[in-house]
Amino acid sequence: MSKAAVDVPMKGGFSFDLCRRNEMLSKKGVQPPSFLKTGTTIVGLIFQDGVILGADTRATEGPIVADKNCEKIHYMAPNIYCCGAGTAADTEAVTDMVSSQLQLHRYHTGRESRVVTALTLLKSHLFSYQGYVQAALVLGGVDVTGPHLHTIYPHGSTDTLPFATMGSGSLAAMAVFESKYHEGLTRDGGVRLVTEAICSGIFNDLGSGSNVDVCVITKGQTEYLRNHQLPNPRTYINEKGYAFSKKTGL
Amino acid sequence: MFISLSTMEALWWPWSERIASPSPVTAASAFSFRPSPLISREFTRSTKRSSSALSGLATDAQTLYQRLVFRHKLYQLREERNMKPETFASLVSAILYEKRFGPYFCQPVIAGLGDDNKPFICTMDSIGAKELAKDFVVAGTASESLYGACEAMFKPDMEAEELFETISQALLSSVDRDCLSGWGGHVYVV
């Protein structure tokens, strides 16, 4: 029976109908296009009043910087934000999806979302795809039960930590955290520490770069400091620029 | 089997395309391509104010183009208005991400004017990761040279004439250094 070739809105989820063709193409030598990755340094820490998340802003496509100022701290709920590392499309899609599920849940229950709800939704989605959805996340937020910080790995395992780093620059950032973190940080101390950790990732890791984004979440208030620090300005710009005379005849 | 294979290879059009939008009222997009009768299809003028171009494997570019035109027409029937470019970008992203594990070999570039004639440009990789930019976006086989050329030649707040020149020069210089692109370009100023 022939299928109607009509693009009816799908029920949802992934469609695998091009897989066989793509496999055939790669056997014939056609290279699949590379994906946008967020090489990344993402960090989170718990301070005395809540959670601070930080991220760099470079998105890479192979060795090329595709986006010098992308946003890696994704909104999940007014009191929950999530930083994403890995394949850019996966982190964006998974955080958008869970964000809408949380909104529906809020309408259903009439209560503020809890961080563990977001955590469970994310981990069950990632686990069911067995790590093929490559999103490594740092999830943080403050709800009625207090501040929480979790890391979620692409295969679906999670950790609950007082400070966490993920991404290719995670070792550089963790070095800073391990030496300077202590409990009971103030807001300014926390933001300074997060910025230092991200800068350490930016300058020591090739996959991270550009600017620092910070998000401070406390009970009842969230501050998203986009481009909190710009340690990599474009220097030595030619004043004259390139001036082309109009209508160069071709 | 042989025939379909050779057709596919002949139809691989690695294009370079680039869109830049500086001033508040114009967005210009430029494409380079090998001559082919199917060019007009690959460039969708989906609304008067937004357009997209697709680079990559030709068969996927055509299929994607047809799907997008279909979805846009449905939207127009339902909503009785044109889609904003931001919405269109989300639509393209969703369609591409649906095929996450068997993707279309296609990178779209979307440009248009949103509310209040604010220019909007965005590109995506083949699985729909949106990359919004304030200055320029590039896609295609010569994308690496285009990044360099645009980075050097772009200035904020250019007028339409100057933008047209800049975009053409950047495109042509990059394309001249790429074997897989060539034969000139089309520039669309929105």
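Ground rules. The model is predicted, so to speak: local features need pLDDT of at least 70, side-chain atom pairs count only at pLDDT 80 or more, and totals for chains, interfaces and linings use all residues. Residues are numbered from 1 along each chain as its sequence is written, chains are lettered from A and ligands numbered from 1 in the order written, and side-chain values use heavy atoms, with hydrogens and water left out.

Salt bridges to begin. The criterion is a side-chain nitrogen of Lys or Arg within 4 Å of a carboxyl oxygen of Asp or Glu. Searching the whole structure gives 13 of them over all chains.

Take Lys99(B) and Asp17(A). Their side chains form a salt bridge, at 3.0 Å from N to O. Why does this pair join two chains? Lys99(B) sits in the loop between helix H4 (85-98) and strand E5 (106-113) of chain B, while Asp17(A) sits in the segment before helix H1 (19-27) of chain A, so the bridge links two chains. Helices and strands here are DSSP runs, numbered from the N terminus: H or I with at least four residues for helices, E with at least two for strands.

Are the two partners buried or exposed? Lys99(B) is buried, at 4% relative accessible area. Asp17(A) is exposed, at 55%. Buried means under 20%, exposed over 50%, and partly exposed in between, using a 1.4 Å probe and protein chains only.

Next, Glu196(A) and Lys180(A). This salt bridge has its closest N and O atoms 2.4 Å apart. Glu196(A) is in helix H5 (residues 187-204) of chain A and Lys180(A) in helix H4 (residues 170-180) of chain A, so the pair ties together parts 16 residues apart in sequence. Both are partly exposed: Glu196(A) at 35%, Lys180(A) at 41%.

Those two helices also pack. Two packed helices are described by the angle between their axes and the distance between the axes. For H4(A) and H5(A), the angle is about 145° and the axes are 7 Å apart. Axes are lines fitted to C-alpha atoms, over the stretch in contact for helices, with angles from 0 to 180 degrees between N-to-C directions.

Who meets whom? Contact means heavy atoms within 4.5 Å. On the H4(A) side, the residues are Ala172(A), Ala173(A), Val176(A), Phe177(A) and Lys180(A). They meet H5(A) residues including Leu193(A), Val194(A), Glu196(A) and Ala197(A).

Arg81(B) bridges to Glu79(B), with closest N and O atoms 3.4 Å apart. Arg81(B) is partly exposed at 39%, and Glu79(B) is partly exposed at 40%. Elsewhere, salt bridges with shared partners join Glu71(A), Asp213(A) and Arg226(A) into one network.

Now the threonines. Where does UniProt place the feature "active site"? At Thr40(A), from an unreviewed entry; positions follow the numbering used here, feature names are shortened, and annotations may be inferred rather than shown by experiment. Thr40(A) lies in the loop between strand E1 (37-38) and strand E2 (42-46) of chain A. Thr40(A) is buried, at 0%. Beyond four places in sequence, its contacts include Asp56(A), Lys72(A), Ser168(A) and Asp205(A).

Last, Thr87(A). This residue is in strand E7 (residues 80-87) of chain A, and is buried at 1%. Leaving aside neighbours within four places, Thr87(A) has contacts including Phe35(A), Gln134(A), Arg100(B) and Ile127(B).
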